Amino acid sequence: MSNAQLEIQVIASLVAIACAIPGTFLVLRKMAMISDAISHSILPGIVIGFFITHDLNSPLLILLAALTGIITVVLVEYIQKTGLVKEDTAIGLVFPALFSIGVILIAKNANDVHLDVDAVLLGELAFAPFDRLIIGGTDVGPKSLWVVGTILLVTVALLFTFYKELKVSTFDKGLAASLGFSPAIIHYGLMSVSSVTTVGAFDAVGAILVVALMIAPAASAYLITKDLKKMLILAITFGVFSAIFGYWVAHWLDASISGSITTILGLVFLAVYLFAPEKGIIAVLYREKQQRTEVSLLTFLLHLKNHDDLSERHVKHLNEHINWQKVRSKTVLDLAQKNNMITIKNNIVSLTQKGDEFTSKAIDYIITNEDAQIEDMKDDFFLFRG
Amino acid sequence: MRKIIFLLSFIATLSCKNEAKTNGKLNVVTTTTMITDLVKNIGGDAINIEGLMGSGVDPHLYKASEGDVTKLVNADVIFYNGLHLEGKLVDVFEKMEGQNKTQVALAETIDKGQLIGSEYFASNYDPHVWFNVDFFKLFARKVTQVLSEKDPENAKTYIQNEEKYFEELDALKKDIQGVVDVLPKEERILITAHDAFNYFGEAYDFKVVGLQGLSTATEAGVQDVQKLATFIIEHNVKAIFVESSVPKRTIEALQQAVKSKDHDVKIGGTLYSDALGDAGTIEGTYVGMYRYNIKTIVSALINE
């Protein structure tokens, strides 16, 4: 592996971390699309910067881009605060307006100049190692490594300083206000960090990757945990994993690095969506099936409790009487036996002591809806887990 | 910490191959297909050549692949067009100084006075200079000069190849002139999707009208389409043209606009503008591409 390849992976990982942190809060606040909005709304900043400098490579263009990013955030917040529209609508109102101002400015004044976001701002991860920072004649590494590294340091410092404030204002704005810190200031702070991160990362790795790294890892982590700290750590892990694994996929396929990383981010989300222990599709399906079986079990136990005559308790009778298919009655019988709730003698089913108690408690719970009764049953049965 | 160690070992196990070519030849990287073809003609077998862009790729919108990193790391010489044709890539090359590579922006070797400038911003120029064969010959001269400096042992080969290629280009020039002369001056109007053919127009007295500006990001406005439609009818233009690296939607919209004014304009064919045809075909070379373009243009515009 050449130095360049290693540097690309380090830069991609740093960007992944720098994006995952604000991304987690954005996802929790339902503002995830703000990074995509910023990628469009910075166009007028770039155009005006060009009109001032007449130079496509001037750093003023990027500075004004970041400023337009913050303006985007402020406008979105302002519209949203009116309470007339939701967060996503506010975002959708602001960025097309700003983007089209940029397009009109180009069309009116600079139609024959190669002026677009692609040409000016959006970087390409593959080329990051070739743009080096040279201080006093010494090569100290790729420039974007320093840009992204600085942004990451600031983000991490802010995260540790304002963790509590961020947490409270994300989950309970009212409480935050009553505790004495303004949710608005925290909000603008977070959004400004997101804006600067977005623009800085755009310059290093390009737009789609930044948007994907902000949203996908945080969204995946959200499916696994509700704990903010764990969510941050998981989002960072997913981001870094996708960055490095995606890079090697690009290597094997000789494909676009950003494209491959974004694809892996999508696949990570898909995997989590399918296999997450609580909210994953497979877990949900399994739980639903288990719950159905347990309802049947309860019905069956009730039946046993209510009928003493042998004919009603014959194994074969269950098929006819409760009208179950064979497979299902077998599943239910097995489950009941496994839990020592019934015994079967000569094909006659009878409740055990434990089965009897279980049934009484369950009925009690269904009638009174009091949790205390069934606390000890929650671990074994999905039915009682709410 | 354990995670970091895991990731590092993961990287280490995956880092398998480091394929720097070490057959002693000069490693040359080129950007657009036109430049790749040119450098192939001059360098021949004496160099290793890697073209970054394939056929049909819009150089403004080119996306790098992972393999391009290794190509660039191993490059001794990089030839590119410049004048912002390759977008951000141009910045990348300009910033590569001090990395033991020679980067040459071929279009920037041309005297600025001869370039077509932007109407509004003096320091920006139309980058599609290769459509003037004389400029393309300047490209060739520069390539020969740089290759000979970098690899004096093979300088003779490069100069011989250059001579041979110049003959080909001169023949091409003569052929183009012959075909163009058939078309009366007032019928020399070339309408395409974006402004790629200004140098061609300048060289052969064509009035060139592009629907879109130079930047592929701005879309053509409704007024632009209507104005151009009126222009087509007034000048009785018979055909308009699609470009291989630009979607043909805009040109079809223009055709519809002309139709709605009860006139007919046909689509004269697909021209190669920012990229050559597929490698291995005749249009995959600069000379073949130009012959094809000029034949397509003239045969669509001429009155039979």
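**Close-up views of chain A**

**View 1. Helix α4(A) passes helix α10(A) in a right-handed crossing.** Right-handed means that the near helix is turned clockwise from the far one by less than a right angle. The model is predicted: local features need pLDDT of at least 70, side-chain atom pairs count only at pLDDT 80 or more, and totals for chains, interfaces and linings use all residues. Residues are numbered from 1 along each chain as its sequence is written, with chains lettered from A and ligands numbered from 1 in the order written. Helix α4 spans residues 59-81 and helix α10 residues 183-205 of chain A. Their axes lie 9 Å apart, at an angle of about 145°. Axes are lines fitted to C-alpha atoms over the stretch in contact; angles run from 0 to 180 degrees between N-to-C directions.

**View 2. Residues where α4(A) meets α10(A).** The α4(A) side includes A:Ile62, A:Gly69 and A:Val73; the α10(A) side includes A:His187, A:Met191 and A:Asp203. Contact means C-beta atoms, placed from the backbone, within 7 Å. The contact holds 8 nonpolar, 5 polar and 2 charged residues. Nonpolar covers Ala, Val, Leu, Ile, Met, Phe, Trp, Tyr, Cys and Pro; charged covers Asp, Glu, Lys and Arg; the others, Gly among them, are polar.

**View 3. A:Gly123 sits in the loop between α6 (117-120) and β1 (132-135) of chain A.** Helices (H or I, at least four residues) and strands (E, at least two) are DSSP runs, numbered from the N terminus. A:Gly123 is buried because 26 other C-beta atoms lie within 10 Å; the cut-off for buried is 20 or more. Its C-alpha atom is 6.0 Å from that of A:Phe202, 79 residues apart along the chain. Residues touching A:Gly123 include A:Asp203 and B:Lys88.

Terms used. Contact = placed C-beta atoms within 7 Å. Buried ≥ 20, exposed ≤ 12 C-beta atoms within 10 Å, placed from the backbone. Lists of a residue's contacts leave out its neighbours within four places in sequence.
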